[in-house]
Amino acid sequence: MDTVTSALLTDLYELTMLQAARQAGTASRRSVFEVFTRSLPEGRRYGVLAGTGRVLDAIADFRFDEADLRYLRRTGVLDEETLAHLADYRFTGDVHGYEEGELFFPNSPVMRLEGTFEDAVMLETVILSILNHDSGVASVGSRMITAARGRPCIEMGGRRVHEDAAIAAARAAYIVGFASTSNLAAGAHYRVPAAGTSAHAFTLLFDSEEEAFRAQIASQGVGTTLLVDTYDVDAAVRLAVEIAGPELGAVRLDSGDLGAQSIRVRALLDSLGATSTRITATGDLDEFRVEELAQAPLDGYGIGTRLVTGGGHPAPGFVYKLVEREGADGQMHPVGKRSQDKATLGAGKRAFRMLVGDRAHAELVLPGEAEIAEFQRELTAELISAEASPEWRRTNLRPLQVPMIRGGEPVQSLRAPQQVEAARARHAASFAELALDVEDGPDGPIAIPTVTDGIEAARVLR
């Protein structure tokens, strides 16, 4: 398959809308589009935004080359004037958004694009495909890291998804705290630490398990991880320690009752003097299974399928909606759907994380400067009131949206590994603000409310 530019990672209707708008004389109207999700999956307390860096790269690369234009001409859908416009297309608008790794909640405007209608309408599909995929992985991955309670997790799901999606999934998993990946492409491009030793096929290649263990240790040293459940676990553990000595790095369990086996293996390792040898568990794990293993003597987890496929919710449901546009009078007007269950709050919005002390209390999403000013007045009045508690007086607003593109040019240019490390730090700081109790388990009510009215926001904080 020939390589395609990011411009063809789109849907045809975006180009037919562009053509019709140009013919009607409305394509150059100033417009504001927002990316948000209306709800979180049941039981999810928060979502994690991932893929922002990849989106910015895709916008920068959004070009229609000669091959793209030849294909579009062959479809017979677009006229020559529209094709000529596409040949010169470059995004020249502005992008503001939540930093990658940030948490999001229902109606959080995680990305806002401002420009003309013809500037922004074509970017819908490529933006949503990246953010929905990467955020789906990041959102479930963050829950897995919480359930692991500080034990390192390895991402190892590359064989369960498309080869390009596997790289993006490893990137997203690392952002939310995974220690390493089995995917070498993610390691090379994003500098995610790569990890891996052997599979059952390696053991089965040899005439005996002893030969396999000796070969692996000779090649990788005694600090390697030996897979001990190909035949008999107890016999394999004894053999592993006999060959490597008590300095054996780790053993891996990949099947059966992982909790019960880990207890037996830990006792056996200790009795053999291998007290520092770690036990790693793999095998169709998810956050719920990891939670069940919280009290087991395990030292780490390898997680694949349930991570890279979003843990039953592969997409957060991000949508890309026009929320404000220029009218015939030259003024900007809020617009939005009124259809049942899919109504849209009009106007470009500003978002803040409301903190009481160091703890997140609410997501404030306000449409327009007037709403923000109204809330600021209410907040000031509350802070100076005699009834305000000392903690309440420490209330502050953390702005969530930062400029990413201005006039079509990136505000900050970071190499791919730098993007990922910055997002990893942002996620850790943002998650800490929730102060969630890990003992509550993965599921629960949404961690903080989303408030879209300034006066109501002040009341929520009282």
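How do the axes of helix α10 and helix α11 cross, and within what distance do they come? In this predicted model, local features need pLDDT of at least 70 and side-chain atom pairs count only at pLDDT 80 or more, while totals for chains, interfaces and linings use all residues. Residues are numbered from 1 along each chain as its sequence is written, and side-chain values use heavy atoms, with hydrogens and water left out.

The axes of α10 (residues 209-220) and α11 (residues 233-244) come within 10 Å and cross at roughly 40°. That makes α10 oblique to α11. Here, angles under 35 degrees count as roughly parallel, over 145 as roughly antiparallel, 65 to 115 as roughly perpendicular and the rest as oblique. The axes are lines fitted to C-alpha atoms, for helices over the stretch in contact, and the angles run from 0 to 180 degrees between N-to-C directions. Helices (H or I, at least four residues) and strands (E, at least two) are DSSP runs, numbered from the N terminus. The crossing of α10 and α11 is right-handed; a crossing has this hand if the near helix is turned clockwise from the far one by less than a right angle, and is left-handed if anticlockwise. On the α10 side, Glu209, Glu210, Phe213, Arg214 and Ile217 meet Ala236, Leu239, Ala240, Ile243 and Ala244 of α11, where contact means heavy atoms within 4.5 Å. Seven of the residues in this contact are nonpolar, none is polar and three are charged. In this sorting, Ala, Val, Leu, Ile, Met, Phe, Trp, Tyr, Cys and Pro count as nonpolar, Asp, Glu, Lys and Arg as charged, and the others, Gly among them, as polar.

The UniProt record places the feature "domain: Nicotinate phosphoribosyltransferase N-terminal" at residues 8-132, in an unreviewed entry; UniProt positions are given in the numbering used here, feature names are shortened, and annotations may be inferred rather than shown by experiment. Over residues 8-132 the chain is 42% helix and 18% strand, with the end C-alpha atoms 18 Å apart.

Helix α1 (residues 12-24) and helix α4 (residues 80-87) have axes that come within 10 Å and cross at roughly 110°. The two helices are therefore roughly perpendicular to each other, and α1 passes α4 in a right-handed crossing. Leu15, Leu18, Gln19 and Arg22 in α1 meet Glu81, Thr82, His85 and Leu86 in α4, a contact whose residues divide into three nonpolar, three polar and two charged.

For helix α2 (residues 52-60) and helix α6 (residues 124-148), the axes come within 9 Å and cross at roughly 160°. α2 and α6 are therefore roughly antiparallel to each other, and their crossing is right-handed. Thr52, Arg54, Val55, Ala58 and Ile59 of α2 make the contact with Val126, Ile127, Ile130, Leu131 and Asp134 of α6. The residues of this contact comprise seven nonpolar, one polar and two charged.

Turning to the strands, two of them pair if DSSP finds at least two bridges between them. Strand β1 (residues 30-36) runs antiparallel to strand β12 (residues 319-326), to which six bridges join it; phenylalanine 33 has leucine 322 in β12 as its bridge partner. β12 also pairs with strand β13 (residues 332-334) in the antiparallel sense, over three bridges, and glutamate 324 stands opposite proline 334 in β13. The hairpin of β12 and β13 has five residues between the strands, and glycine 330 takes a positive phi near 85° in it.

Another open sheet has four strands in the order β16-β14-β15-β19, with mixed pairing. Its edges are β16 (395-399) and β19 (450-451), each with a single partner strand, so one side of each lacks a neighbour in the sheet. Strand β15 (residues 359-367) pairs with β19 in the parallel sense over two bridges, and glutamate 363 stands opposite threonine 450 in β19.
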